[in-house]
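Please follow the account below with the structure in view. It moves from one element to its surroundings and then to the chain as a whole.

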Amino acid sequence: MRNLTLAGLATTGAAAAAVTLMPSSAFAAGAPQTTHTVAAVSHSAHTAPKAASAASGNLDGWIKQSLAIMKAKGIPGSYDGLKRNIMRESGGNPNAQNNWDVNAQKGIPSKGLLQVIDPTFNAYHVAGTAHSVKDPVANITAAANYAAHRYGSIDNVNSAY
């Protein structure tokens, strides 16, 4: 089991809650990182469907694409669990960024649909998605991967995590 720390949380109301997920520094330093994107849709259980970009989709499509990747990679989660958390964290804005919490003050603001900080994104990035925290599918999938390791599933997260 991975050791994680919750690095910070700023709330100014339910709509403005920001999740700041960070692996412990020891884990972050040794976390495997991958920098490739699958170039085409694959029907193999060992690879994931092609990654989407913010310019080419919408929230429904990003969630469905992330779910396909999650299924291929064995990451638990449901459409409802993802959407509920996305709406709470970013209101569905893939460009959302928290510039006021403790992590932002340290230079690592929470970003994207599920408000992930760069160290957490890098530690939980899922092969088959873009290596960009602001890419909607990559952000959703990395956050779901983190939540699976920390809470068993994104579906088990009912408040800021």
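In this predicted model, helix 6 is largely enclosed by the rest of the structure, because 13 of its 16 residues are buried. The helix covers residues 136–151. From its first C-alpha to its last, helix 6 reaches 21 Å, close to the 22 Å expected at 1.5 Å a residue.

Both ends of this helix can be described in some detail. At the start of helix 6, the backbone nitrogen of Val137 has a side-chain oxygen of Asp135 within 3.2 Å. After the helix comes Gly152, with a positive phi near 95°. Ser153 belongs to the segment that follows helix 6. With a relative accessibility of 8%, Ser153 falls under the 20% limit and therefore counts as buried. Which residues does Ser153 contact, leaving aside its neighbours within four places in sequence? They are Pro76, Gly77, Ala147 and Ala148.

The structure holds 2 aromatic pairs. A pair of aromatic rings is described by the distance of the centres and the angle of the planes. For Tyr124 and Tyr146, the ring centres are 5.4 Å apart and the planes stand at 85°, so this pair is edge-to-face. An angle over 60 degrees is what that class requires. Tyr124 lies in helix 5 (residues 118–124) and Tyr146 in helix 6, so the pair ties together parts that are 22 residues apart in sequence. Tyr124 and Tyr146 are both buried.

The other pair joins Tyr146 to Tyr151, with ring centres 6.5 Å apart and planes at 75°, so it is likewise edge-to-face. Tyr124, Tyr146 and Tyr151 together form one aromatic cluster.

Gln115 counts as buried, because its relative accessibility is 3% and the limit is 20%. Ile108 lies in the loop between helix 4 and helix 5 as well. With a relative accessible area of 21%, Ile108 is partly exposed. The C-alpha atoms of Ile108 and Asp118 are separated by 6.6 Å, although these residues are 10 residues apart along the chain.

The secondary structure of the protein chain comprises 6 helices and 2 strands. Read from the N terminus, the elements follow the order β-β-α-α-α-α-α-α. The protein chain has 161 residues, of which 49% count as buried. Among its contacts with a separation of 6 or more, 58% are between residues 24 or more positions apart. The accessible surface of the protein chain comes to about 7,200 Å², and carbon and sulfur atoms account for 53% of that area.

Terms used. Residues numbered from 1 in each chain as written. Predicted model: local features only at pLDDT ≥ 70, side-chain atom pairs only at ≥ 80, totals over all residues. Heavy atoms only, no water. Helix = DSSP H or I, 4+ residues; strand = E, 2+ residues; numbered from the N terminus. Buried < 20%, exposed > 50% of the residue type's maximum accessible area, 1.4 Å probe, protein only. Contact = heavy atoms within 4.5 Å. Areas by Shrake-Rupley, 256 points an atom, 1.4 Å probe, with all protein chains shown as cover. Phe/Tyr/Trp six-rings, centres within 6.5 Å; stacked < 30°, edge-to-face > 60°. Expected span 1.5 Å × (residues − 1). Polar contact = N/O pair within 3.5 Å; in protein donor to acceptor, adjacent residues only side chain to side chain.
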